[in-house]
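Please read the following walk through a protein model with the coordinates open beside the text.

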Amino acid sequence: MAPQRRGAPKAPEGSGTAERRRGSSTKSVQAPREVQTKWLRTAVLGACAVLAGLLLWSRLGGDDSITEVLAHRSEILPGRFIEVPCSEDYDSHRRFEGCSPRKCGRGVTDTVISRDEAQRIRSIAEKGLSLGGSDGGGSYAHLFQASILDLHSGALSVGKHFVNLYRYFGDKIQTVFSEEDFQLYRDVRQRVQLTVAQAFGISASALHLTKPTFFSRINSTQARTAHDEYWHAHVDKVTYGSFDYTSLLYLSDYLDDFGGGRFVFVEEGANKTVEPRAGRVSFFTSGSENLHRVEKVHWGTRYAVTIAFTCNPDHGIADPAFT
């Protein structure tokens, strides 16, 4: 059996060995604190940088899923059109020869409606919406957490509900709107209809205005219910079977009047976005070939008019009349 080894003798008090041990012990305690302090400083600086980036991203309305801009806010487009293969959504609906989509796609133009006309149309929306205001909910709110005004049906969002503008306010409406307001609205709508018809190679007379056609006002108010979450992707033809062609007339400017709020055509790996500018008209066939959404509005207020068309005269609606 090997003999047991004895431990090393203790160093006497005050010896250099003891001092070295104490020094070593002190360093071993202090080192982690220094590392901790440096780590915390780095973490705080990193967090500040991330926060600054997020604030900038929010201010600019950024969305990292966007890969291509179809129409920049700084561009003035005489017309841009992209053809895409039609979906099968139209096959389950009655087809109207010479009107129902055979050629599908999406387009943008800045030369149909002037910026001055867009401002005058926006004033109509502001006057009407000043009578109401929305908390979300209602039959249109699954698309927009917004205040809604439909001059055709009279629908106006008030709180969590809709009222009929014409019945609810009666003769007072004539102190809010004028005949010139309604005439401008009809004229603009007709020009948008002609633009859509020309782009898709169909007769304008074959198109019929359909519901819902409405003004929307979106701001950065927090969504209160799932119905308020307007930013989810959807298909107009699935939501409203009568829709064959959808158009939007923008009444405010991206990054000047609001951040976020861009219109997004959702495509795998290559989303396309339209940056709103007052007077810009965006239009597209309403089927699944044009799955789309609106980005969250991060600041400011976004105004637009959604104008929808059908090929089925049974689903047509009349222009609003000032009475």
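**A buried strand residue and a helix pair**

In this predicted model, leaving aside residues up to four places away in sequence, Ala 308 touches His 208, Leu 209, Thr 210, Pro 212, Thr 213, Phe 243 and Tyr 245. Ala 308 belongs to strand β16, which covers residues 302-310, and because its relative accessibility is 0%, where the cut-off for burial is under 20%, Ala 308 counts as buried. Thr 246 lies 62 residues from Ala 308 along the chain, yet the C-alpha atoms of these two residues are separated by 4.6 Å.

The buried residues of α2 are Glu 117, Ala 118, Ile 121, Arg 122, Ile 124, Ala 125, Gly 128 and Leu 129. Viewed down the axis of α2, these buried residues fall within an arc of 150°, and they therefore line one face of the helix. As background, an α-helix has 3.6 residues a turn, so residues three or four places apart point the same way.

On the α2 side the contact is made by Glu 117, Arg 120, Ile 121, Ile 124 and Lys 127, while α5 contributes Asp 181, Leu 184, Tyr 185, Val 188 and Arg 191.

Methods. Residues numbered from 1 in each chain as written. Predicted model: local features only at pLDDT ≥ 70, side-chain atom pairs only at ≥ 80, totals over all residues. Heavy atoms only, no water. Buried < 20%, exposed > 50% of the residue type's maximum accessible area, 1.4 Å probe, protein only. Helix = DSSP H or I, 4+ residues; strand = E, 2+ residues; numbered from the N terminus. Arc of directions from axis to C-beta. Contact = heavy atoms within 4.5 Å.
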